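Open the model in your viewer and colour it by chain. The stops below go from one selection to the next.

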Protein chains: 2
Amino acid sequence: MGRPGTIARWPWRLLYSATMMHLPRPDDFHVHVRQGPALVHYVHDLATVFGRGLIMPNTLPPILNAVDVSRYRAEILAAAQVVNPHFEALMTFKITTLAALGGAVEEALADLKAAGAVAGKLYPAGVTTNSADGVKDLGELYPLFAAMEKRGLVLCLHGEDPDAFCLDRETAFLPKLGAVVAAFPRLKIVLEHVSTAQAVEWVLAQGPLVAATVTVQHLLFTLDDLLGGHLQPHLFCKPLIKRPEDRAALQAVVLSGSPRFFFGSDSAPHARAAKECDCGSAGCYSAPVALPALASFFEAAGELKGLADFVAGFGADFYGLPRLAGGLGGKISLVKESWKVPALLHAGPGLESGVVPLYAGQELAWKVKS
Amino acid sequence: MGRPGTIARWPWRLLYSATMMHLPRPDDFHVHVRQGPALVHYVHDLATVFGRGLIMPNTLPPILNAVDVSRYRAEILAAAQVVNPHFEALMTFKITTLAALGGAVEEALADLKAAGAVAGKLYPAGVTTNSADGVKDLGELYPLFAAMEKRGLVLCLHGEDPDAFCLDRETAFLPKLGAVVAAFPRLKIVLEHVSTAQAVEWVLAQGPLVAATVTVQHLLFTLDDLLGGHLQPHLFCKPLIKRPEDRAALQAVVLSGSPRFFFGSDSAPHARAAKECDCGSAGCYSAPVALPALASFFEAAGELKGLADFVAGFGADFYGLPRLAGGLGGKISLVKESWKVPALLHAGPGLESGVVPLYAGQELAWKVKS
């Protein structure tokens, strides 16, 4: 298994001109494709651009064991076939209780791994979409963490303490996570969708087996965008996007090329009717726009050379997977060609009100050509 | 003109039992009733409960001069006639530029006062609903402030600096307001809808001519209610509701009976379609629920005796108006009788999608009987 941070950067000269970039197929190390009739749309949007996706398990019903993982993985791969036959679904299982694994821990994990799971995802109870069955006491799960450590399964966490004030939840969770890190020094841990300067600092202070994913919305937006003018429900997600200082810390660490901060979109589609209502769901649908938005960010910072590592390098390294260097699914091109993001996607049978993507109706400067 | 804080409290023994309270008609020292076909609904909801309302001028078109004030006041009083013939519309004019007053400052103010204006309302440009024509440079308005000071007109401010991060805007505005206070020591100033611990502290540090209004939403809610679970657009307002520490500071100062903190609802109706959408308007429609909600708050704190001063005393004192002691419009009763707040109000011609009140669909323990 590769040690994060030890692999050289993508050879920059091969990848870039001012109007065109060739990138290896990127990875999305945190993505929701849901279940039911809309899944096919979400998988298409994902697999059109990305070569691999780490598939989140907080579906209804949840993905809890090897049987669930096998079935869900097959469904996703079938849907991806049309747009990208090489797409790889990196599966996760939802960590709730030891009992939910459906058997002895060691056996359950062996089966999960054989079914395609590379990570277990832990949601503290009540902290985000479909997390009512989440974890209340991390200590109860230590036997599971020990087994995951032994088998090289990654522990991914929605790192928020639901008992804290909404803007303080991530920071309040860090000591709890610190206890897990201390107890399982060889367990690979990913703090998902990192959102605060405090968490960036905390991750940087850990060893090479603790990493963080970074979303488009936490990297590029603040609460000013969500609440500073009119209310923008399509920017509402958990953890909340935060203050300018938090965004600045995220941008700095990503631009620094720290190999333990890599891309995971947390692309989380909800039907428009579930977002534009009196009780809106949390999640930004970024899969169709993430790569162009990131290209503009790296370009504006004069660091376009960092994009490939962020979206197609560091994550694979951390998970011990091969980088997708022109192999599976081929390269992907970004061209400097302004396009307008659709105001609404996929409206129709099974998803009547459609889904509103991030940047809906706005112009993006880079466009994906696969 | 009465000096704030010098008038005795309402005689408590007359007002209260565990299941019934008689209050003087309360005042709402900050309220929006809009223009157009829906105005009549909003005035009814207001005048059914309140004896006086300080009417905000950021309508479309705005209330800028004596002619506007006269016309708007007549429209409001006509609408109020049905439910409360004694209702008094305390008028404000919107402060934009000296030129917008439509003539010499002194004359314009004399006319405004004669037309029923008791205050001018200042919105920094871009800070809230219909504030694109707001003020960019307070210094340019010093001749107006001097004339208002001379004529005893109150300066009401939406105290936020639009250039600051959304959660810091009120605190960033305080030094600017401090300069006005220093320059015009005899000008009565109201920092509207105070929302932060910093602003509470700042107001407390000023003399008797600087006061603040407090809304239901800033007194009783935090960002956890707006964003901590699902997104609740009907709690979205400007200034934003803030942190628990901020709410605690507001609750403490209100319960302390400080006479310079009094009720102004900032009740600000928007059509449901303008709230539950992809770009939601700021404002909570609290007029129909404010008094019961406040009664429960004071009751829970064991300070029910403070309610009358907060809603029917300190504001009148500050503005130099008589308290409505059983005279105009008579007393009002609150009975301990649980009722469910309607999910939607006033849907119909002129307001097709209706308006969703604060506490929609929830139970309130106290009910107004007029």
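Start between the chains: 4 salt bridges are found across the interface of chain B and chain A. This is a predicted model, and what follows is computed from it.

Select D168(A) and R243(B). These two form a salt bridge, with their closest N and O atoms 2.5 Å apart. Polar contacts between chain B and chain A come to 16 residue pairs. Next, show helix α8 of chain B, residues 223-228. With 5 residues, helix α8 gives the most to the side of chain B that touches chain A.

Now widen the selection to the whole interface. Here 30 residues of chain B are in contact with 30 residues of chain A. About 2500 Å² is buried between the two chains, and carbon and sulfur atoms give 61% of that area. Pick out F165(B), L227(B) and L231(B): in chain B they lose the most area to chain A, together 26% of what that side buries.

Step back to view both chains. Chain B superposes on chain A by a rotation of 180° with 0.0 Å of shift along the axis, at an RMSD of 0.0 Å. The two copies are therefore related as by a two-fold rotation axis. To locate the axis from chain B, select E276(B), whose C-alpha is the nearest to it in that chain, at 2.6 Å. Both copies use the same surface, since 100% of the contact residues of chain B recur in chain A.

Last, select the cysteines. The count is 0 disulfides over all chains. For C166(A), the nearest cysteine sulfur is that of C166(B), 11 Å away. C166(A) is buried, at 2% relative accessible area. For C277(A), the nearest cysteine sulfur belongs to C279(A), 6.2 Å away. C277(A) is buried too, at 16%.

Technical notes: Residues numbered from 1 in each chain as written. Chains lettered and ligands numbered in written order. Predicted model: local features only at pLDDT ≥ 70, side-chain atom pairs only at ≥ 80, totals over all residues. Heavy atoms only, no water. Disulfide = S-S within 2.5 Å. Buried < 20%, exposed > 50% of the residue type's maximum accessible area, 1.4 Å probe, protein only. Least-squares fit on C-alpha atoms with pLDDT ≥ 70 in both. Contact = heavy atoms within 4.5 Å. Buried area = accessible area lost by both parts, 1.4 Å probe. Salt bridge = Lys/Arg side-chain N within 4 Å of Asp/Glu carboxyl O. Polar contact = N/O pair within 3.5 Å; in protein donor to acceptor, adjacent residues only side chain to side chain. Helix = DSSP H or I, 4+ residues; strand = E, 2+ residues; numbered from the N terminus.
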